[in-house]
Amino acid sequence: ICKQDRKLAIYHILIAYLAFLIGTFLGLLQVFIRNDGLELPKWLDYYQVLTAHGVLLALVFTTYFIFAFFITGMSKTLGDFGPKARLVLWLGFLVTTIGTVIATFMIIIGEASVLYTFYAPLQANGWYYVGLALFIVGTWLSGFALVGHYVSWKKSNRKQLSPLFAFMTISTIILWKIACLGVVATVLFQFIPWAFGWVDTINVELSRSLFWYFGHPLVYFWLLPAYMAWYLVIPKLVGVEVFSDSLARLAFILFILFSIPVGFHHQLVDPGISSFWKFLQTSLTFMVIIPSLMTAFSLFGTFERSGRRKGGRGLFGWFFKLPWKDVRFTSIFIAMFFFIPGGAGGIINASFQLNELIHNTLWVVGHFHITVGTPVTMTFMGITFWLIPYLTGRKLTKTIQKLAFIQIITWSIGMVLMSTAQHILGLLGAPRRTAYSAYNNHPTAMEWFNGLISNHITMAIGGTILFFSAMLLIFIVIYSLFLLPKADSLGDRVEFPIAMSDNKDTPKFLENWWLWIGISFALIAIAYTIPLMDLIQHAPPGSKGFKMW
Ligand code: HAS
């Protein structure tokens, strides 16, 4: 890809890893606060640290990394961006970054300790919401540039299906834009007027519902780029073509349809929404599990096909033929492995009655560390190992590959320890999001921590190993950006691994975006119109909220 496109992607990666550096350090503080190993200075608040940790890792790191991956892949598969699209991408980058700086500044000065989920009744300084709004506007601009690039490719390649990478990028952008409508509505019409004091109160339940309308598909905005690597990069690394082009496209479309009308599964214990609508949305949640099961199926198919071609025999013979020595593969394989318990945990969360047991406990924290914190993040690590040298025109050395192995193994060990402890503590009843780790030495609370895994030390050891791993990754990133040897020739360069995908039998209607967007809006209308009207018409008097500044 051309120099200008590389530059754009590298800038995104720089911000992503700056956020990763600060965010993981705050994670380290978090585990020590929770086991009373650390007392924060007076000017630093527990909720401030937790908010910054969540915002910098879950929102900033992921978003910048995803756009770096999209920009590189779209330029690679559809050709270099034109000057117009590139300008809009820079503009998007600028606006997102201004938003990030404003929001982070508000958190640092202690005026926005409202957590990354920021819904009412907690109230931040109005500028925090302005920062968030700019962040979204920036990503929209970048999204438009990617869609524009795709549309101009389509115009010159009429009647052809787009390359799978582009198809998946556009699906993810569509999902993102539809999802953002909820958060944009609540930020613009509820939070900003309330936080700046133009209105006195806020409809809390409406704000929570609009937030979760966005909050659930947000997790698929993180997941789908990882799935792109699972569908496109993994087959290339194991030496086969994409398992099924149409299955892959269908899976992404199912995410557009079913990832949005399901937000109530985060609000199953909230008042003001009748059980019928909660039940409907939990049923739709079970629909959104299907494309992940399809993905698992096609991955096993990919591995088996590759293993058999290399002479693997018997039921599991293929397993031993996988390229374990290739860190790009191994890191993503471990990522997938984590998603088996991660996904199973999600299914437990989504089960109406079981949710009562785990809601607002440390279990949920364990769940998202083995979904976004490992399957997604470790896939991004696997991508980083080749994406940066690819962008800088360098070659990967053996030492860096060895360090990368140590990095992913330590991340896995840290995550197993920390998230297992969190799951168990959550099942025992330990709440999430509290600075009172031992709950004033209440006997029941003290018992939670007697377990072999669920004791005070495991989570802290896990967190410390994770921090060590994160710093190693930062070292690898800096080294790959500036110090790896330059490739002498083109063939010497690190490749952008992307598998062939045979689309000659793929039905054309899979790329009929208006059809899928239409069905998606119909499902949203069914799942949300009546309960949202109820929340507006029968709202109790609004809340003045709790000022967190
Ligand atoms: Fe979740 C809460 C339900 C997936 C992230 N989730 C959260 C929160 C986050 C999050 C951040 O229904 C907390 C929000 C907060 O702060 O309050 N989640 C689900 C369901 C799924 C799911 C049904 N979540 C994710 C993903 C996330 C994520 C993905 C991030 C990227 N989640 C919930 C619910 C709650 C929740 C409730 C609210 C809880 C509460 O009460 O607060 C599904 O999408 C999961 C489907 C996945 C699968 C797994 C397929 C497996 C694959 C791997 C194959 C492996 C291979 C390797 C091939 C069915 C594809 C094989 C190797 C071998 C050696 C065998």
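## Helix H1 and its partners

The axes of helix H1 and helix H2 (residues 46–78) approach within 7 Å and cross at roughly 155 degrees. Axes here are lines fitted to C-alpha atoms, for helices over the stretch in contact, and angles run from 0 to 180 degrees between N-to-C directions. Helices (H or I, at least four residues) and strands (E, at least two) are DSSP runs, numbered from the N terminus. H1 and H2 are therefore roughly antiparallel to each other, given that angles over 145 degrees count as roughly antiparallel, those under 35 as roughly parallel, 65 to 115 as roughly perpendicular and the rest as oblique.

The model is predicted: local features need pLDDT of at least 70, side-chain atom pairs count only at pLDDT 80 or more, and totals for chains, interfaces and linings use all residues. Residues are numbered from 1 along each chain as its sequence is written.

Helix H1 (residues 3–34) also meets H3, with axes that come within 11 Å and cross at roughly 15 degrees. H1 and H3 are therefore roughly parallel to each other, and their crossing is left-handed. From H1 the contact draws on Gln 4, Leu 8, Tyr 11, His 12 and Ile 15, and from H3 on Arg 86, Leu 89, Trp 90, Phe 93 and Thr 97; two residues are in contact if their C-beta atoms, placed from the backbone, lie within 7 Å. By class, six residues of the contact of H1 with H3 are nonpolar, three polar and one charged.

## The H13–H15 pair

Helix H13 (residues 398–428) and helix H15 (residues 456–483) have axes that come within 8 Å and cross at roughly 155 degrees. H13 and H15 are therefore roughly antiparallel to each other, in a left-handed crossing. Their contact comprises 19 nonpolar and nine polar residues, with no charged ones.

## The ligand shell

The ligand is surrounded by 32 residues, the closest being Gly 343, Gly 346, Asn 349, Ala 350 and Thr 371. A residue is near a molecule or strand if its C-beta atom, placed from the backbone, lies within 6 Å of it. At least two residues of the shell come from each of helix H6 (204–238), helix H8 (275–309), helix H9 (327–350), H11 and helix H12 (372–392). By class, the shell around the ligand holds 19 nonpolar residues, 13 polar and no charged.

## Backbone features in the loops

Most residues other than glycine have a negative phi, and most peptide bonds are trans. The loop between H3 and S1 includes Phe 118, a residue other than glycine with a positive phi, near 30 degrees. Phe 118 is buried, with 24 other C-beta atoms within 10 Å; a residue is buried if 20 or more other C-beta atoms lie within 10 Å of its own, exposed if 12 or fewer, and partly exposed in between, with C-beta atoms placed from the backbone. The loop between helix H3 (83–108) and strand S1 (122–123) also contains Pro 121, and the peptide bond from Ala 120 to Pro 121 is cis, with omega near 15 degrees.

Asn 360, in the loop between helix H10 (352–358) and helix H11 (362–369), likewise has a positive phi, near 60 degrees. Asn 360 is exposed, with 12 other C-beta atoms within 10 Å.

Leu 122 belongs to strand S1 and is partly exposed, with 18 other C-beta atoms within 10 Å. Not counting residues up to four places away in sequence, Leu 122 touches Val 114, Gly 545, Phe 546 and Met 548.

Asp 200 sits in the loop between helix H5 (164–195) and H6 and counts as exposed, with 11 C-beta neighbours inside 10 Å. Asp 200 and Lys 544 are 344 residues apart along the chain, while their C-alpha atoms are separated by 6.1 Å. Leu 293, in helix H8, counts as exposed, with 11 C-beta neighbours inside 10 Å. The C-alpha atoms of Leu 293 and Ala 251 are separated by 9.3 Å, the two residues being 42 apart along the chain.

Key. A crossing is left-handed if the near helix is turned anticlockwise from the far one by less than a right angle, and right-handed if clockwise. Ala, Val, Leu, Ile, Met, Phe, Trp, Tyr, Cys and Pro count as nonpolar, Asp, Glu, Lys and Arg as charged, and the others, Gly among them, as polar.
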